Every structure is written in structure tokens, then in C-alpha cells.
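Work through the exercises below with the coordinates open. Each task is followed by a solution in steps.

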Amino acid sequence: MSGRKFCVGGNWKMNGDQKSIAEICKVLSDAQLDPNTDVVIGCPAIYLMFARNLLPCSIGVAGQNAYKVAKGAFTGEISPAMLKDVGADWVILGHSERRAIFKESDELIAEKAEHALAEGLKVIACIGETLEEREAGKTNEVVARQMCAYAKKIRDWTNVVVAYEPVWAIGTGKTATPDQAQEVHAFLRQWLTENISKEVSNTLRIQYGGSVTAANAKELAKKPDIDGFLVGGASLKPEFVDIVNARK
């Protein structure tokens with residue numbers, strides 16, 4: 001084992017209401033979760049305080065996005081300071097949906113990460129390639145480019161978890177095989193050694209995201225460079241408990 005603490009994030013995306021969130025929080029509160037795994041819930045912003053009050057302290061709460069400055073005339077945006085004020089300790093940045101649907105650039109995402117870290121939030125920094133990019137053999141090139149942008153802005157990686165999410169495997173039911181996922185994670189580890197430091201390469205946790213389910217989590221969790229998961233749809237279901245406990 002690597003010595004890196006397993007970390008599982010649940011990204012609820014734009015789903016849930018008070019009733020369903022209360023139900024999910026009850027399942028998580030009553031469950032026997034592996035104490036050797038960090039658990040973080042990415043909750044819609046307007047329900048962050050509601051979820052924080054229902055979840056045990058051992059489970060972290062994350063905003064699903066944040067802007068790159070503390071306050072100002074940015075209608076509809078949320079700052080890291082606001083997330084902290086309602087009890088969030090993490091934020092998810094650079095998710096493929098932010099990149100693809102909302103056209104966020106590598107540079108903007110990196111600026112957001114820099115500001116969130118400066119404000120004291122921990123960051124789940126997402127990267128990943130599309131199906132076209134994978135089929136063109138550009139996977140490594142794309143994830144290296146995305147990592148480069150982060151590396152220009154992040155000096156201290158202590159509070160960062162990287163989430164590798166092949167875009168073609170998100171919500172499609174397609175999953176990268178454990179070997180395909182491990183291959184990219186190993187490439188990222190090598191990239192970190194060559195471009196940041198051996199120490200960061202050894203300690204930075206890299207999650208896998210992309211149609212992770214209770215059925216495939218155990219197999220993926222055995223891979224040496226996979227340090228956890230960022231889970232979408234399955235995090236809204238009771239099976240999320242089994243995914244959190246994949247290393248048990």
C-alpha cells in the first residue's frame with residue numbers, strides 16, 4: 001500500500017431536495033464507514049448548510065464550484081469564503097461538466113484553485129479527456145496540459161486531491177477498466193515526479209471518477225496509484241457506502 005489515505009468524494013451535481021438529502025444523510029450517518037477513508041460530499045450550494053448539519057463531523061462537505069475572488073459584482077457566483085461560512089471545507093473545481101458545458105478554461109480553473117487554497121479550502125482538482133481525445137491517442141497530452149495549468153498556480157499541494165475523470169465514462173455507464181485507469185494514474189504520478197517533485201508524486205492522492213459503482217469499486221481500489229474515487233450518480237444511492245468501504 002502507498003501510505004496515501006483513501007479518499008472518496010460524492011458529487012451530487014444538480015440533484016436532490018431537502019427530503020431526499022435528509023434521507024441520504026441518514027444513510028451515511030447510520031453506516032459503518034471505513035475510518036481509514038476520507039469521505040467528502042459535494043452538495044448543491046443552497047443545501048450545503050442543511051447537509052452539514054445532518055452529517056457527522058467525520059464527513060467533509062464540498063461546494064461543487066467557486067469563483068476566483070472573495071467578493072464583488074459577479075451575479076450568481078459563490079466565493080470560497082461563502083462556502084467556508086456555511087460549513088464547507090472542500091470545493092470541487094474543473095469538473096468536466098464545468099469545462100464542457102460552461103466553457104471554463106484550464107487557466108480559469110487553475111486561478112479558482114489558487115484562490116480556494118489561499119482561502120483555506122481543500123480542493124478536488126478535476127482533469128480528464130473526452131472520447132475523441134482518447135480515440136486520437138491524446139489522453140496523456142490532455143491530462144498533462146490540465147495539470148500544467150494547475151501547477152502554474154498551485155505552490156503547495158498538501159490540500160489538493162486530483163480527480164482523474166475520463167469524460168467518456170461519466171454518466172454513460174462506460175467505465176475505464178481498472179488497467180486503463182491505473183495506466184493514466186501511473187502516468188500522472190510520473191508527470192508529478194518530473195514536473196513538481198518526487199515528494200508530491202508520492203503523497204498526492206489521485207481519485208478515479210467515471211461511472212464508479214459498488215460493483216467495480218473493489219477492483220479499482222486494488223490498483224497501486226488509485227487513491228479513491230469521485231462518484232457521481234451512485235453517491236445518491238445507498239450503494240455509496242459500499243464504494244466508501246471498497247478498501248475494507
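The model is predicted: local features need pLDDT of at least 70, side-chain atom pairs count only at pLDDT 80 or more, and totals for chains, interfaces and linings use all residues. Residues are numbered from 1 along each chain as its sequence is written, and side-chain values use heavy atoms, with hydrogens and water left out.

**Exercise 1.** Classify the ring pair of Phe 6 and Phe 229.

Solution. Rings of Phe, Tyr and Trp (its six-membered ring) pair if their centres lie within 6.5 Å; planes under 30 degrees apart are stacked, over 60 edge-to-face, the rest tilted. The structure holds three aromatic pairs. For Phe 6 and Phe 229 the centres are 5.5 Å apart and the planes at 85°, so the pair is edge-to-face. Next, locate the partners: Phe 6 is in strand 1 (residues 6-11) and Phe 229 in strand 8 (residues 228-231), 223 residues apart. Strands (E, at least two residues) and helices (H or I, at least four) are DSSP runs numbered from the N terminus.

**Exercise 2.** Are Phe 6 and Phe 229 buried or exposed?

Solution. Buried means under 20% relative accessible area, exposed over 50%, partly exposed in between (1.4 Å probe, protein chains only). Phe 6 has 2% relative accessibility, so Phe 6 counts as buried. Phe 229, at 0%, is therefore buried too.

**Exercise 3.** Describe the lining of the largest pocket.

Solution. On a 1 Å grid over the protein atoms alone, a pocket is an open set of points where a 1.4 Å probe fits, with protein on both sides within 12 Å along at least five of seven lines; lining residues have an atom within 4 Å of a point. The lining has 18 residues, and Met 14, Gln 64, Asn 65, Arg 98 and Phe 102 lie nearest the centre of the pocket.
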